[in-house]
Amino acid sequence: MLGFLAHRWIIAGLLAIATLCPAFARAALPEETKQQRDQRMAWWRDARFGMFIHWGLYSVSAGEWKGKKVPGYSCMLQQTANVPRDEYTQLQKQFNPVKYDAENWVALAKRAGAKYIVITSKHHDGFCLFDSKLTDYDAMGTLYGRDLLKPLADECHRQEIKICFYHSILDWHHPDAKGERFANYVDHMRGQLRELLANYGPIGVLWFDGEWIPEWTEEQGQALYRDLRKIQPDLIINDRVGRGRQITRAEKRKNVDDTREFAGDFGTPEQEIPGTGMPGWDWETCMTMNDDWGFNKDDHNWKSTGDILRKLVDIASKGGNFLLNVGPTAEGEIPQPSVERLEAIGRWLAVNGESIYGTAASPFANLDWGRCTRKQGVLYLHVFAWPNDGRLVVPGLENKTGKAYVLADKDRKPLAVARPDKGVVITVPATVPDPIDTVVVLEIEGEPRVSP
Ligand code: FHN
């Protein structure tokens, strides 16, 4: 009799627990207070500028197949040129980056003023730049025969720059990466992600891509997000781990709390800068310097340094990060046009970096002469179009103002600040100090207040 009663109590207890626990139709994301999230995101928000690296077997084909140029991105060549899987995998035997120097790559990123590096651990072609025990289709099977990510990760940790990995969910190589055996591939992918989180030290960001395949769902993305964050709790993961990119595109969500409705810590507009940024959101624009992500021997359409720099400023003025891409050659060299642009940006940031790093978005809806970034008590006025009459008008600013000066001026010579009826007018030098972007600092009292 006692056993029967105990049995009934056990069933009752289990039913009670079941009703209290939420349905797990959507994986519960790790509970995190706003303060904990802000702490986890702090380095990334301060960074504002990262270097993207697309490197792999597609760097060998370099945008051509059997002597013919292939349209589209070089890293998509296997698909765009309809290369049979077994033919494409022959590239593994040609990949021998004898000129690869991880120390130089990280030193270049630092000279550029980038604070993190995101490198392709595995792109859509399925080839792994790291030593994976789960496949022979990796760096160990190349002529080079060594893990390519390990030296880069070690150098990043040594030179104090965050190492991050781009990993594609889409995979053209693994036999189960589509169709009814997809679950086998997911186990394989999760195993490789565990390798990346176990063998390369603290990882800043896992940057997913290829999430658009029909087999992959938001629920799987949330479960993966939760499990990865259990391995490295400080890890930051982009919105392509699930269906976040589609949701943000479709619903242009404004409310920062909405991000909890899908997995992913930041939005990922690609090759574009959203007109008003993504207010209330963490977001990062990723962009190529020419037109291609991977090395393309026929792509010489390089953006100018000025254009790239103004994009960095525009993005920061909207509260976003800039992930600027390089596509190294199969020999392991970063193309000289990329090096030149990165070094020029770094020279500008060496003088003006405080107007980018750790700043918040502009309080102005629009400035016809440039952009604005801000920190507590300071506005950084990024002047692209220098005023011919020497009068820099800051429209609608209502705050009490303090000193104004050109950030690059070592003596911080004070500039005259006047307050006609509305806004503020700063008298600036007749000759423009930096035609690409001269930063004028304006000290203000309290949080910025701008009349419409
Ligand atoms: O197909 C990829 C492409 O090759 C590149 O990796 C970009 C960068 O994020 N993502 C995909 C296109 O959206």
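The following dialogue asks how several structural terms apply to this predicted model.

Trainee: What should I keep in mind about numbering and confidence in this model?

Mentor: Residues are numbered from 1 along each chain as its sequence is written. The model is predicted, with local features needing pLDDT of at least 70 and side-chain atom pairs counting only at pLDDT 80 or more, while totals for chains, interfaces and linings use all residues, and side-chain values use heavy atoms, leaving out hydrogens and water.

Trainee: Why is α6 called oblique to α7?

Mentor: The axes of helix α6 (residues 102-112) and helix α7 (residues 149-158) come within 9 Å and cross at roughly 45°. Axes are lines fitted to C-alpha atoms, for helices over the stretch in contact, and angles run from 0 to 180 degrees between N-to-C directions. Angles under 35 degrees count as roughly parallel, over 145 as roughly antiparallel, 65 to 115 as roughly perpendicular and the rest as oblique, and therefore α6 is oblique to α7.

Trainee: Which residues make that contact, and how do they divide by type?

Mentor: With contact meaning heavy atoms within 4.5 Å, α6 contributes Ala-102, Glu-103, Trp-105 and Val-106, and α7 contributes Pro-151, Leu-152, Glu-155, Cys-156 and Arg-158. The residues of this contact divide into 6 nonpolar, no polar and 3 charged, where Ala, Val, Leu, Ile, Met, Phe, Trp, Tyr, Cys and Pro count as nonpolar, Asp, Glu, Lys and Arg as charged, and the others, Gly among them, as polar.

Trainee: What makes β14 and β15 a pair?

Mentor: Antiparallel β14 and strand β15 (residues 424-427) are joined by 2 bridges, and Val-417 stands opposite Ile-426 in β15. Both belong to an open sheet of 3 strands in the order β12-β15-β14.

Methods: Helix = DSSP H or I, 4+ residues; strand = E, 2+ residues; numbered from the N terminus. Pairing = 2+ DSSP bridges.
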